[in-house]
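Visitor: I've got a new model open and would like to learn how to read its contacts. Please take me through it feature by feature.

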Amino acid sequence: MTIAVELEKVSIQFGSFTAVEETDLEIQEGEFFSFLGPSGCGKTTLLRTISGFTHPSYGKVRIGGVDMAGIGPNKRPTALIFQNLALFPMMSVAENVGYGLRVRGVARGVRDAKVARLLDQVALSPHADKKINELSGGQKQRVAIARALAVEPKVLLLDEPLSALDLKLRQHMRRELREIQQRVGITFIYITHDQGEALTMSDRVAVMNAGRIEQVGDGRSIYAQPKTSFVASFVGENNAIPGTILATEGELATLDTPVGVLSGRNPTRLGAGGEATLFIRPELLRLSDGTPSECAIPTRVGSAAYEGSMTHLQLDAAAGTRIMASVIAAHASAHPQVGQPLSAGFDPHHAVVLAG
Amino acid sequence: MKGLSITFAATLIVVAIFLLLMMLERKKGGRGMSFFERNGVLIGTYLILAVGFWTIVTIIMPMVFMVDLSFRPKLPPSQVGGPLDEYTLKNYRYFLFGSSTSAEAWNTVHIRAFFVTIVASIILTLVNFAICYPIAYYMAQAATLKKLRIVLLLLIIPYWVNDILRAFAFRILLSENGFVNGVLDWMGLAGAPFDFLGANVGLYMALCYSHLLIMIFPLYNAIESQDHNQIEAARDLGAPWWHIHLFVVMPHAKPGIASGMTLCFMLTAGAVATPMVLGGPRSLWFTPIVYDRFYQLFDWPQGAAYAFILLLACIVFVLTVLKISGLKLGEITR
Ligand SMILES: Nc1ncnc2c1ncn2[C@@H]1O[C@H](COP(=O)(O)OP(=O)(O)OP(=O)(O)O)[C@@H](O)[C@H]1O
Ligand SMILES: [Mg+2]
């Protein structure tokens, strides 16, 4: 595998404000790579730096092994799909798709043939002569994709392109984007603050927070093995229980928390005596009304919300701590009485203890 | 029917035609909410009365009066409305032939001035556009808010100086022993002082300068309304700057360009003070000729005819340009 995009010690500042802190990153050729993070964490800034609209204050951006310093956005082998698509309203669909080719001086015949092929690929052939404002949201989306693909970029950059669509269409477009990416085989760098989107579509995800990449990995490892408490709480639902580390033993750590003494994995090898937080996923809690086992939290049922296949229970534990538990609705424990005592136990290997 | 009554009657006819056109337009468009339903009876009535009064009394009636006047002979006040006060084409004939009776020779002086004015105004408008477009683009898409404020101030403050003062200032700058010739002389460039005023350089500069704002603001408005991402998208797709301006920014700004250009053209062709002060001895701008009809010859009917010819030419020219660029009249107000 060769490296498509490489960031070497890149940091980006606006005046005295650091939007992206020193970052090293390699994105492979043909990879579907996502940046996931809350609003304002610097995702767009990073993407604009790769496409050449913003310049890194320090460090180097390489695309296909070539240092991009001094190379403008119009000369880079990237194509950017904007957060609001930025289609040209005064041109027809076909003219939009053909714009990049027209700029390159591609002969009319060749251009028309290629535009027709691209429109066919995104199922827009019947709409070739329409104006942009006569299209639906999903169709506009596909025009933007076709327009970017027309210039045959090595890397396609997408800035939350689905955020304006409704849920159904968004899910449909997710699949479609993934299919297109696999068909054309180029690198996609995708920005989103929707974790579902990032996890389902991507080969790898970088979770960002406040200008810093906190963790890079595939969806499964991001979800199951978070390395920082931000990743643990931002990706998926999680119960966070703060406490003090009593002892560490092998890969486990034992915490003294307001709801009892609990253990979890200690991937960052925190030492005894420090403040830490234990994270346990709602769906990994085992509820029982018998005597509490060794690693369990005594609770009372606060409320229950039935959501089709799953039931989400809100459990009240000591010291005002709220514990969320998700149970398959078909399961017997999914129908408890409000106020009934329940013990929420878990396998210490399913929980994780992280600093902060 | 004489004089005022004709003005009134003609005004009524113009208004009636206008209303008829409006009703036809409405039929085509189908029926929306009525004017009174939308604004309420009180405000609706007020709007109709106010706008109606303004257009009829300050625009249509004086115009109709002038048109009427332009078809009448010049008479001493005692004979106005008398038997000699008949409709005649002689004022227009005078423009063409330099005499109200014979048609032997063309009135070359006036006709030439007329065409020179039109052509020079077209060129000045284009020059103005070339100067203003980059400034407007900078203001609308590139400048930070702080810089925009500074540019705006720099643009607006010079216009506190009135037209006539500016014209005389240009005269002083460009006169034979003025500042510019002084500088040229000091640099050893000009052997003899150059006669800028005689060559109408001052006139053209001042006409251009005094209509910069008229051009910049419609351009600025139009360019400002474009999503900056579209410009970046074009750049990202590989477009060089000239291509972006020609095929992305200008098509979007077309209504603004048209409205700036038409305003600038009309005002340049119709400027009076500047040509009178700065026109060299060989300058023949058309408006001072019109002015002379009124105040040198006291021939108001002929003056009205001349003014009307200029207005008509300008309107025809502007409508032609709009037609060619595929814009509707309504669009330039967007
Ligand atoms: N041109 C700029 N000048 C100054 N600050 C900027 C500039 N562009 C971005 N920022 C700041 O950098 C930070 C990151 O912005 P960015 O647009 O990258 O966020 P984002 O992660 O894309 O957020 P969102 O999900 O809301 O789009 C923000 O705090 C923003 O205010
Ligand atoms: Mg963003």
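**Ligand and interface**

Guide: Let's start at the ligand, where an oxygen atom of ligand 1 has a polar side-chain atom of A:Gln83 at 3.5 Å. A polar contact is a pair of N or O atoms within 3.5 Å; within protein, one must be able to donate a hydrogen and the other to accept it, and residues adjacent in sequence count only if both atoms are side-chain atoms. Bear in mind that this is a predicted model: local features need pLDDT of at least 70, side-chain atom pairs count only at pLDDT 80 or more, and totals for chains, interfaces and linings use all residues. Residues are numbered from 1 along each chain as its sequence is written, chains are lettered from A and ligands numbered from 1 in the order written, and side-chain values use heavy atoms, leaving out hydrogens and water.

Visitor: How far is a polar side-chain atom of A:Ser39 from an oxygen atom of ligand 1?

Guide: That distance is 2.5 Å, and for an N or O atom in the side chain of A:Thr45 it is 2.6 Å. As for cover, ligand 1 taken alone exposes 640 Å², of which the protein buries 60% (Shrake-Rupley accessible areas, 1.4 Å probe; for residues, only the protein chains shown count as cover).

Visitor: Now the chains. How much do chain B and chain A bury between them?

Guide: The size of an interface is often given as the accessible area lost when the parts come together. Buried area is what two parts lose that way (1.4 Å probe), summed over both. Here it's about 1,800 Å², with 58% on carbon and sulfur atoms. B:Glu232, B:Asp236 and B:Leu237 supply 39% of the area chain B buries against chain A, more than any other three residues. By contact (heavy atoms within 4.5 Å), 18 residues of chain B meet 24 of chain A.

Visitor: How many salt bridges does the rule find across the interface of chain B and chain A?

Guide: The rule wants a side-chain nitrogen of Lys or Arg within 4 Å of a carboxyl oxygen of Asp or Glu. Across this interface it finds one: B:Glu232 with A:Arg48, closest N and O atoms 2.6 Å apart. Helix H11 (228–236) and helix H12 (241–270) of chain B each supply at least two residues of the side touching chain A, H11(B) giving the largest share, seven residues.

Visitor: Which salt bridge does A:Glu176 form?

Guide: A:Glu176 meets A:Arg142, 3.7 Å from N to O. A:Glu176 lies in helix H5 (residues 167–184) of chain A and A:Arg142 in helix H4 (residues 137–150) of chain A, so the pair ties together parts 34 residues apart in sequence.

Definitions and conventions:
Helices (H or I, at least four residues) and strands (E, at least two) are DSSP runs, numbered from the N terminus.
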